[in-house]
Amino acid sequence: MNITLSEEQLAIAESARAFLDEHGSSARLRAAIESPEGWDAGQWRAMAHEMGWLGVAAPERFGGSDLGLVELAILHEEVGRTLTAPLLFPTLGLALPALMSAGCEARQAEYLPRLIDGDIRAAVCLTGASGAPVPADVAIRLEADEKGWRLDGAAEFVLMGHAANLLVVVARTEGSKGWDGLSLLTMAADTPGIIVERLTSLDLTRPFSRVRFDQVRVSDDALLGAPGQAADAVRRMLAIGAVMLAAEQLGGAERSLEITTDYAKQRVQFGRVIGSFQAIKHKLADMMLAVESARSALSYAVRLLDTPDAMEEAAATASAACSEAFLQCAGDAIQIHGGIGFTWEHDAHLYFKRARASAALFGGPAHHYETIARLIGLDDSPEASA
């Protein structure tokens, strides 16, 4: 398989990096963290109107560029290098695939032009208090009553939920389990009965929220497809989301390696730059190997997302490789920087916290390895079959 980027894709990566050099600086990131909103509205508008990023994977009939998932992964990788644009992943990496996978033309026509214009900021409600990956812990219940349908329950760990004006909800119908009985819905964040609570999170660059649903009435228009029949759409949304998150993690790992290598070339100890010491050389070499291995896994995965029989295995492979690479590189960056790496003034701790938070989003590397084992037939225990 040819996993190299085309000239057009390389140009997208170069333009994205140039844009983020201007709009994604450390100073701008820290200003966004300390603002009441927790995100940079000016950067979001520029991404939509100047760069056209929000339409890169959307169909042309809705005003998008219709380029594809490789280009979307390129943008996530570049954003991952700067830890900025916290709304990009929940909106384009999760909500957009949900809308496209569910195949509801009416909702696509309603939401996608506004999403491409930057008017819609989306968050996705997936899991409950345990944080276990879907379908193990779907805490929102879709229940029928004499008036139709309603939503009850609370979703935890909702990325940028406090900043979203559109919620994509994975809900479970009464009495179902596993992948059966899952539904996808879209709800305005200000719908009566929805309460969004911003949480204090490890990763200050992209905080979580808790979203409560208290007898929220559900119209027919809110459902993306038939109730309880969204398993295939949810699986595809999660596979694409996992790969886009992996692209972010690769960008973060790559940037951690770069800033640490630059530091090792400048920091002098015992009359020599520390990069000349064998222990530092070996650690940097190990970081580079982790980055390049993760890059290969991501390149493999993103090209298999349109292959239903292979997408989940490929997504799990990329997730495990990129999670571990980012964790390793962010941790080693702090070790090599020494005391300064732990200070608020240095960015190393921001990468470390993002690496930890991102690794836990879809179950962590251990969960991805278990998924791969199951998909290739290594787990045939009665419990797994059940």
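This is a predicted model: local features need pLDDT of at least 70, side-chain atom pairs count only at pLDDT 80 or more; totals for chains, interfaces and linings use all residues.
1. A quick convention before anything else: contact here means heavy atoms within 4.5 Å. Not counting residues up to four places away in sequence, Thr82 touches Leu20, Gly24, Leu29 and Tyr351. Thr82 itself sits in helix H4, which runs over residues 69-82. Its relative accessible area is 16%, and the cut-off for buried is under 20%, so Thr82 counts as buried.

2. The structure has four cavities of 30 Å³ or more, and the largest cavity holds about 80 Å³. Lining that largest cavity are 15 residues, and Leu29, Ala32, Thr84, Ala85 and Pro86 are the ones closest to its centre. Leu29 has come up already, as one of the residues touched by Thr82.

3. Which helix gives the most to the lining of the largest cavity? That would be helix H2 (residues 26-34), with four residues. Sorted by class, the lining comes out as eight nonpolar, five polar and two charged residues.

4. Helix H7 is worth a look too. It covers residues 231-266, 36 residues in total, and spans 53 Å from first C-alpha to last. At 1.5 Å a residue you'd expect 52 Å, so the value is close to that.

5. Now the rings. Searching the whole structure turns up three aromatic pairs. One of them is Phe19 with Trp53, an edge-to-face pair with 5.2 Å centre to centre and 65° between the planes. The two partners come from distant parts of the chain, 34 residues apart: Phe19 belongs to helix H1 (residues 7-23), while Trp53 is in the loop between helix H3 (41-49) and H4. Both ends are covered: Phe19 is buried at a relative accessible area of 5%, and Trp53 is buried at 4% relative accessibility.

6. Phe157 and Phe208 also pair up. Their ring centres are 5.9 Å apart with the planes at 85°, so this pair is edge-to-face. Phe157 is in strand S3 (residues 148-159) and Phe208 in strand S7 (residues 208-218), so the pair ties together parts that are 51 residues apart in sequence.

Definitions and conventions: Residues are numbered from 1 along each chain as its sequence is written. Side-chain values use heavy atoms; hydrogens and water are left out. Helices (H or I, at least four residues) and strands (E, at least two) are DSSP runs, numbered from the N terminus. Buried means under 20% relative accessible area, exposed over 50%, partly exposed in between (1.4 Å probe, protein chains only). On a 1 Å grid over the protein atoms alone, a cavity is a set of points where a 1.4 Å probe fits but cannot get out, and a pocket is an open set with protein on both sides within 12 Å along at least five of seven lines; lining residues have an atom within 4 Å of a point. Grid points are joined across faces, edges and corners, and a volume is the space filled by probe spheres set on the points. Ala, Val, Leu, Ile, Met, Phe, Trp, Tyr, Cys and Pro count as nonpolar, Asp, Glu, Lys and Arg as charged, and the others, Gly among them, as polar. Rings of Phe, Tyr and Trp (its six-membered ring) pair if their centres lie within 6.5 Å; planes under 30 degrees apart count as stacked, over 60 as edge-to-face and the rest as tilted.
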